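Colleague: I would like to learn how to read a model of this kind, feature by feature. Could we begin with the general idea each time and then turn to the case at hand?

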Amino acid sequence: MNTSIFTHSKLNLVLLLLALVAPFVLYPVFLMKVLCFALFACAFNLLLGFAGLLSFGHAVFLGTGGYVTGYLMINTGITPELGILAGTVAAGLIGALYGKLAVRREGIYFAMVTLALAQLAFFFYLQAPFTGGEDGLQGVPRGHLFGVIDLSDNLQMYFFVLAIFLFGFWLIQRTVHSPFGQVLKAIRENEPRAISLGYNVNDYKWVAFIISAALAGLAGSTKTLVFQLASLTDVHWHMSGEVVLMTLVGGMGTLFGPLVGAAAIVTIQNYLSGGELGNYIHIIMGAIFVICVLAFRNGIVGQFRKVLKQNF
Amino acid sequence: MATFLGINLFGLFGQLLVGLINGSFYALLSLGLAIIFGLLKIINFAQGAMYMLGAFAAWMALNYLGINYWLALIVVPLAVGAVGILMERLLIRPIAKEDHLYSLLLTFGIALMLQGTFTHVFGSSGMAYAIPEALQGGFKLPFMYLPAYRAWIVVASILVCGVTWWMIEKTRLGAYLRAGTENAQLMQAFGINVPLMVTLTFGFGVGLAGFAGVMAAPVYSVSPDMGSNLLIIVFAIVVIGGMGSIGGAILTGLGMGVVEGLTKYFYPEASSTVIFLVMVIVLLLKPAGLFGKEA
């Protein structure tokens with residue numbers, strides 16, 4: 001891996017310091033939104049960037065995490081960390097089921113299967129009695145962390161979200177650099193060779209899918225607590241497209257790419273939705289897609305790394 | 001009321017007809033996808049947007065230019081096909097050698113832009129398109145009432161699908177096409193202009209979606225998101241049928257429409273999900289699809 005400059009502990013430390021100071025400068029809810037989507041994109045990128053699997057239905061895991069956490073927080077008196085855990089586990093279970101089916105097909109088919117499976121879940125959540133249908137679950141309480149820390153305070157909530165994000169990011173980093181991650185990369189680069197080496201390729205893909213789904217669920221659960229809302233938007237296939245866009249913009253296959261991409265897209269959306277350009281949001285998103293694919297395939301981080309490599 | 005074994009025949013045949021009509025559109029769209037996929041190994045995510053474009057083009061042709069339905073049925077697919085050709089030449093060609101996932105993302109971006117543009121210009125509520133005079137009214141059959149336009153949809157799309165199947169499977173042009181999908185370089189060596197063939201095939205596949213759009217305009221409301229939701233169903237159908245065969249795309253498309261119609265009659269709650277459930281079952285039993293070849 002040529003990530004020397006990016007996995008450098010000094011850079012990590014600088015970023016961590018920035019993240020700790022950020023809520024005192026910027027609006028914490030915006031930062032939490034960025035962190036949630038960044039975790040979602042990182043989870044998605046674990047599949048695309050490191051196993052070469054383009055899942056076009058990742059919204060279902062985000063949404064599942066959100067619905068389960070939201071439902072439990074409203075209807076039972078459990079603490080937020082347990083609510084999030086439940087959402088994560090639920091997303092992981094759906095991921096295990098969907099992954100088992102999806103890894104039977106490759107490449108473009110894999111994308112189509114995940115998309116169709118996600119649509120199946122979308123219709124389920126649309127009709128199911130516990131999701132609130134079109135209205136979604138509103139007024140989800142944030143609760144008290146470990147029964148002690150009041151999360152209705154935005155600043156305390158922010159540090160909780162940051163901790164969750166760092167945990168997820170660390171887990172992905174560990175996965176990618178583990179022997180398991182190396183096998184994933186081998187599968188991405190040359191699947192027939194990995195098979196001939198005796199690896200059960202589908203099992204590796206499946207496990208990667210489950211980890212990715214569970215982390216996407218973690219992002220969804222956290223997002224539901226932040227916005228106190230779980231809705232169909234999170235399960236809609238537009239959301240699946242959005243996470244692809246975030247990863248593409250940031251740079252797929254890089255650890256920090258999805259983080260940068262999520263920050264960029266959330267910022268653009270926040271900026272657009274406030275102003276006159278709000279009506280053009282889909283056109284602009286589509287245009288970013290086209291431009292990225294045609295001229296900018298490495299994404300921001302990939303491009304940045306390339307420039308660094310050439311000049312230093 | 002006509003009943004048989006306690007089944008309301010009017011209702012059943014009504015849903016079957018609706019299923020066949022939906023199936024006609026599924027067949028046209030998945031056929032277009034299959035043709036494009038066959039030669040370019042590209043999943044055209046913009047196929048749904050092209051279908052929407054076809055419907056809007058018919059609507060605009062009528063309201064702005066006074067072009068009637070019958071003329072639109074010829075002109076619009078050509079125009080949509082031309083848009084497809086431009087798309088292939090300008091945007092897809094430059095990345096044809098990259099990982100195919102990029103072309104999927106590219107066409108997805110194009111679909112978003114088209115859908116966004118039409119939503120911005122026309123709003124998201126649908127617009128009506130009148131059924132052409134010659135096809136108004138219907139036939140009274142002993143077991144159901146058959147509206148003429150709906151009968152026409154089924155007949156016309158089966159005809160178009162059939163002719164396309166015949167062209168690809170039985171003619172010399174089709175043989176070139178099939179050979180091109182097997183080994184493009186060899187075909188080039190034989191003096192066949194493969195890049196031109198690719199462009200025209202893409203145009204034809206997209207034109208089929210445009211044709212489906214014109215056909216759909218009088219039955220569904222013409223709206224910007226009419227294509228996007230349909231496309232995901234068509235993807236599921238493609239997975240069920242398997243991409244290997246042209247005939248498979250047509251048969252699966254029609255068949256899944258009927259399955260959906262039957263579900264709507266017997267268990268309406270599952271009608272929006274039944275195709276995806278069928279996909280899951282097929283994936284479990286036959287991962288390459290019903291008509292697909294094992295890789």
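Modeller: Let us begin with accessibility, where a residue is called buried under 20% relative accessible area, exposed over 50%, and partly exposed in between. Please keep in mind throughout that this is a predicted model.

Colleague: Is Leu251(B) buried or exposed by that cut-off?

Modeller: Leu251(B) counts as exposed, because its relative accessibility is 53% and exposed means over 50%. The residue belongs to helix 10 of chain B, which spans residues 246-266. Its C-alpha atom lies 19 Å from that of Arg150(B), a residue 101 places away in sequence.

Colleague: Where does Ala130(B) sit in chain B, and how is its accessibility to be read?

Modeller: Ala130(B) is placed in the loop between helix 4 and strand 3 (138-140) of chain B, and with a relative accessible area of 55% it is exposed. Between the C-alpha atoms of Ala130(B) and Met167(B) there are 32 Å, although the two residues are 37 apart in sequence.

Colleague: Is Ile95(B) buried or exposed, and which residues is it in contact with once its neighbours within four places in sequence are left aside?

Modeller: Ile95(B) is buried, since its relative accessible area is 2% and the cut-off for buried is under 20%. This residue lies in the loop between helix 3 (69-92) and helix 4 (100-122) of chain B. Beyond its neighbours within four places in sequence, Ile95(B) touches Val293(A), Leu294(A) and Arg297(A) in chain A, together with Tyr102(B), Ser103(B) and Leu106(B) in chain B.

Colleague: Which backbone angle deserves a look at Gln228(A)?

Modeller: The angle is phi, which is near 55° at Gln228(A), a positive value in a residue other than glycine. Gln228(A) is located in the loop between helix 9 (201-227) and strand 4 (229-230) of chain A, and with a relative accessible area of 33% it is partly exposed.

Colleague: How many helices and strands does chain A have, and what does its radius of gyration say?

Modeller: Chain A contains 13 helices and four strands. Its radius of gyration is 19 Å, close to the 20 Å that the globule rule gives for 312 residues, so chain A is as compact as a globular protein of that length. Of those 312 residues, 55% are buried. Along the principal axes, the C-alpha atoms of chain A fill a box of roughly 50 × 45 × 40 Å.

Colleague: And how many helices and strands are there in chain B?

Modeller: Chain B has eleven helices and four strands. With 295 residues, its radius of gyration of 19 Å is close to the 19 Å of the globule rule, so chain B is as compact as a globular protein of that length. Its C-alpha atoms fill a box of roughly 65 × 50 × 35 Å along the principal axes, and 55% of its residues count as buried.

Colleague: How should I read the charges of each chain?

Modeller: One can compare the centres of the positive and negative sets. In chain A there are 16 positive and 12 negative side chains, with the two centres 16 Å apart, whereas in chain B the mean positions of 12 positive and 10 negative charges are 9 Å apart.

Colleague: Where in chain A does pLDDT stay under 50?

Modeller: Where pLDDT is low, the predicted coordinates should not be read in detail. In chain A, pLDDT stays under 50 over residues 1-6, for which the model has 15 contacts beyond four places in sequence. Chain A averages a pLDDT of 85, with 97% of the residues scoring at least 70, while chain B averages 86, with 97% of the residues at 70 or above. For the model as a whole, the scores are ipTM 0.83 and pTM 0.87.

How values were computed:
Residues are numbered from 1 along each chain as its sequence is written. Chains are lettered from A and ligands numbered from 1 in the order in which they are written. This is a predicted model: local features need pLDDT of at least 70, side-chain atom pairs count only at pLDDT 80 or more; totals for chains, interfaces and linings use all residues. Side-chain values use heavy atoms; hydrogens and water are left out. Helices (H or I, at least four residues) and strands (E, at least two) are DSSP runs, numbered from the N terminus. The radius of gyration is taken over C-alpha atoms; the globule rule is 2.2 Å times the number of residues to the power 0.38. Buried means under 20% relative accessible area, exposed over 50%, partly exposed in between (1.4 Å probe, protein chains only). Lys and Arg count as positive and Asp and Glu as negative; His and the chain ends are not counted. The place of a charge is taken as NZ of Lys, CZ of Arg, CG of Asp or CD of Glu. pLDDT is the predictor's confidence in each residue, from 0 to 100. Contact means heavy atoms within 4.5 Å.
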